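Please open the model in your viewer and keep the selection tool at hand. The tour below goes from one selection to the next and says what is found at each stop.

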Amino acid sequence: MDDLSKASLVAVSGMKAQSERIRVVSENIANAESLPSTPDELPYRRKQVTFRNVLDKANGANVVKLNKIDVDRSEFPKKYDPQHPGADANGYVLAPNVNPLVELMDMREAQRSYEANLNVIGVSKSMLTHTVDMLK
Amino acid sequence: MAINTITDAIAAYNSAAKSFAGKGVAADDSVQSSAGADFASLLQDGVKSAVDAGKKSEDLSKQAISGKADVRDVVAAVNNAEVTLQTVVAIRDKVIAAYNDILRMPI
């Protein structure tokens, strides 16, 4: 397999990794209001992804894979809501440690990276096609 | 000199065909007396690799329709099949054009 085809393969792995990142971001955004139902329960804990460089031996190229989905161990913010079933004696409920702005930026970053990989596929394909067109 | 460049070109096509088949370039195939055998094996290898790539892309497309395959894998496979087929067709056209040129050559 030539290097330009390998470049597409690597870009595809990047796109897959970024799709999984988008999935995790969407889980965080969707669960931003997942509060505990009793005072001793914990709310939703924010997840974050890490990536890892892996050698694809079959094709001889370094691709990117999702390393693991970790949890964000930062503290839960407290919300004053005495009516909530999860409120403690002082009327505070633990809220998920999800910051919608951070998630938005993460999502935007994943989107840009996905588009960059799409462009790599497009450029490598057009380089290959143009080279083959030299024969015509 | 001219003969040399033609055999060079055929050898290059041949090694391209070998690389389709994933065997690498064979050293002893560089110059052969009969261009017909070269071209036949070249086309055979090239078409075989194009058919393989096409099959792979079709299989992946079928899986994608039933929701089993990743759409990005389908795009990569279809791209690969397209480029392989284009290469085979371009090489075939080029060699057949050279053959026709030789046939039409006034003696």
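Select A:R108 to begin: is A:R108 buried or exposed? This is a predicted model, and in it A:R108 has 11 other C-beta atoms within 10 Å, so that, with exposed residues having 12 or fewer, A:R108 is exposed. The residue belongs to helix α2 of chain A, which covers residues 100-133.

Next, select the whole of chain A and colour it by secondary structure. Chain A holds two helices and four strands, and, read from the N terminus, its elements follow the order α-β-β-β-β-α. The radius of gyration of chain A is 22 Å, whereas the globule rule gives 14 Å for 136 residues, so chain A is more spread out than a compact globule. Along the principal axes, the C-alpha atoms of the chain fill a box of roughly 80 × 25 × 15 Å. If you colour chain A by burial, buried residues make up 22% of its 136 residues. Among the contacts in chain A with a separation of 6 or more, 63% are between residues 24 or more positions apart.

Now bring chain B into view and look at where it touches chain A. Twelve residues from chain A and 13 residues from chain B take part in the contact; on the chain B side, these residues divide into four nonpolar, four polar and five charged.

Within this region, select helix α1 of chain A (residues 3-30) together with helix α3 of chain B (residues 71-103), which pack at an angle of about 170 degrees with their axes 9 Å apart. Because angles over 145 degrees count as roughly antiparallel, α1(A) is roughly antiparallel to α3(B). To see the residues that meet, show A:S5, A:S8, A:L9, A:V12, A:M15 and A:K16 on α1(A), and B:R72, B:D73, B:A76, B:N79 and B:N80 on α3(B). By class, this contact has four nonpolar, four polar and three charged residues.

At 1.5 Å a residue, its 33 residues should span 48 Å, and the end C-alpha atoms are 48 Å apart, so the two values agree. Several residues of this helix are buried, including B:R72, B:A76, B:N79 and B:N80, and these four are also among the residues that meet α1(A).

Definitions and conventions. Residues numbered from 1 in each chain as written. Chains lettered and ligands numbered in written order. Predicted model: local features only at pLDDT ≥ 70, side-chain atom pairs only at ≥ 80, totals over all residues. Axes fitted to C-alpha atoms, helices over the stretch in contact; angles between N-to-C directions. Parallel < 35°, antiparallel > 145°, perpendicular 65-115°, else oblique. Contact = placed C-beta atoms within 7 Å. Nonpolar A, V, L, I, M, F, W, Y, C, P; charged D, E, K, R; others polar. Buried ≥ 20, exposed ≤ 12 C-beta atoms within 10 Å, placed from the backbone. Expected span 1.5 Å × (residues − 1). Rg over C-alpha atoms; globule rule 2.2 N^0.38 Å.
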